[in-house]
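Okay, thanks everyone for coming. I've got one structure to walk you through today, so let me put it up on the screen.

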Amino acid sequence: MKKILLLIFLMFPISIFAIETSARSAILMDMDSNKILYEKNINEQRSVASISKIMTAVVAIESGKLDDKVTIGREINTAYGSGIYIKEGEVLTLRDLLYGLMLRSGNDAAIAIATYVGGNSTNFVKLMNDKAKKIGMNNTVFNNPSGLDQEKGNYSTAHDMAILASYAMKNNEYKKITSTKKYVLKTNKNVYSWINKNKLLSLYKYTTGGKT
């Protein structure tokens with residue numbers, strides 16, 4: 001039987017297709033073992049923009065304050081770009097802010113989270129960088145909680161961000177948030193209905209979460 005199978009294999013060789021991507025840097029990594037299955041410029045340091053919010057979420061979740069009520073302060077007035085449009089004096093839980101952060105990529109949510117958890121953005125960014133070093137992200141520097149390229153943006157590599165994504169997805173709270181397709185919230189100032197920007201959650205049934 002083995003000879004017959006070998007003969008068939010030789011007569012009908014298997015076609016092998018290589019992975020192709022137009023991205024300048026890319027990585028495919030097994031989440032459980034962190035084994036790299038495909039790589040392209042994975043150690044090239046580049047701006048990582050809003051993917052930074054994965055670390056913002058991790059630090060916030062691990063603070064143990066998810067059910068705390070957060071009153072939005074004046075710091076929110078410095079936010080720009082993508083947002084969930086929360087207002088000064090509005091009250092949400094830290095968990096609510098994380099849904100706004102991950103589903104809608106809210107820069108205002110990032111600032112509110114950093115201010116509450118760290119006392120201010122500077123202290124929070126230190127927590128982000130400390131966490132990065134602890135989990136082996138050796139080529140990463142965070143300068144803000146949102147990923148906006150201000151005077152100093154956030155820089156990392158495809159490999160480091162894969163390490164971060166793998167770490168984050170092992171946290172059940174993070175996994176639940178990032179896999180949510182829709183989140184409805186009523187506060188003292190507004191009613192929100194946030195649809196996850198990650199279209200893969202609807203287009204590919206095996207998608208378990210992530211960050212656009």
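Predicted model: local features only at pLDDT ≥ 70, side-chain atom pairs only at ≥ 80, totals over all residues.

I'll go through the core, the strands and then the pockets.

Let's start inside. The largest nonpolar core has 46 residues, and the ones touching the most other members are Met55, Ile86, Leu97, Leu98, Ile113 and Met137. As for who contributes, the elements giving two or more residues to this core are helices H2 (53–61), H3 (94–104), H4, H5, H6 and H7 (172–179), plus strands S7 (182–186) and S8 (191–195). As a general point, nonpolar side chains in soluble globular proteins tend to be buried together.

Take Leu97 as an example. Setting aside residues up to four places away in sequence, Leu97 touches Val70, Ile72, Ile84, Ile86, Leu92, Ala109, Ala112 and Ile113.

How many of the residues of H2 are buried? Nine of the nine, so H2 is largely enclosed by the rest of the structure. That takes in Lys53 and Thr56 as well as Met55, Val58 and Ile61, among others. And what covers the buried residues of H2? The cover includes H3, H4, H5, H6 and H7.

Ser52 is at 0% relative accessibility, so it counts as buried, the cut-off being under 20%. Leaving out neighbours within four places in sequence, Ser52 is in contact with Met128, Phe142, Ser146, Gly147, Asn154 and Met161. Keep Met161 in mind, please.

On to the strands. S1 and S2 (residues 36–40) run antiparallel, joined by four bridges. Ile27 stands opposite Glu39 in S2. The hairpin they make has six residues between the strands, and in it Asn34 takes a positive phi near 60°.

The other hairpin is S7 and S8, with four residues between them. These two pair in the antiparallel sense over five bridges, and Val184 has Ser193 in S8 as its bridge partner.

The largest pocket holds about 930 Å³ of space. Its lining has 28 residues, and here's Met161 again: it lies nearest the centre along with Ile27, Ala158, Ala162 and Ala165. Which element supplies the largest share of the lining of the largest pocket? That's H6, with six residues. S1 (26–29), S3 (46–47) and H6 (158–169) each supply at least two residues of that lining. By class, you get 15 nonpolar, nine polar and four charged residues.

The second largest pocket has about 190 Å³ of space. It is lined by 14 residues, with Ile111, Ser121, Asn144, Pro145 and Gln150 lying nearest the centre. Helices H4 (107–118) and H5 (121–134) each give at least two residues to this lining, and H5 gives the most, with three. The lining of this second pocket divides into six nonpolar, eight polar and no charged residues.

That's my tour. Happy to go back to any part of it.

Key. Residues numbered from 1 in each chain as written. Heavy atoms only, no water. 1 Å grid on protein atoms, 1.4 Å probe; cavity = no way out; pocket = protein on both sides within 12 Å on 5 of 7 lines; lining within 4 Å. Points joined across faces, edges and corners; volume = space filled by probe spheres on them. Nonpolar A, V, L, I, M, F, W, Y, C, P; charged D, E, K, R; others polar. Core = buried A, V, L, I, M, F, W, Y, C linked by side-chain atoms within 4.5 Å. Buried < 20%, exposed > 50% of the residue type's maximum accessible area, 1.4 Å probe, protein only. Contact = heavy atoms within 4.5 Å. Pairing = 2+ DSSP bridges.
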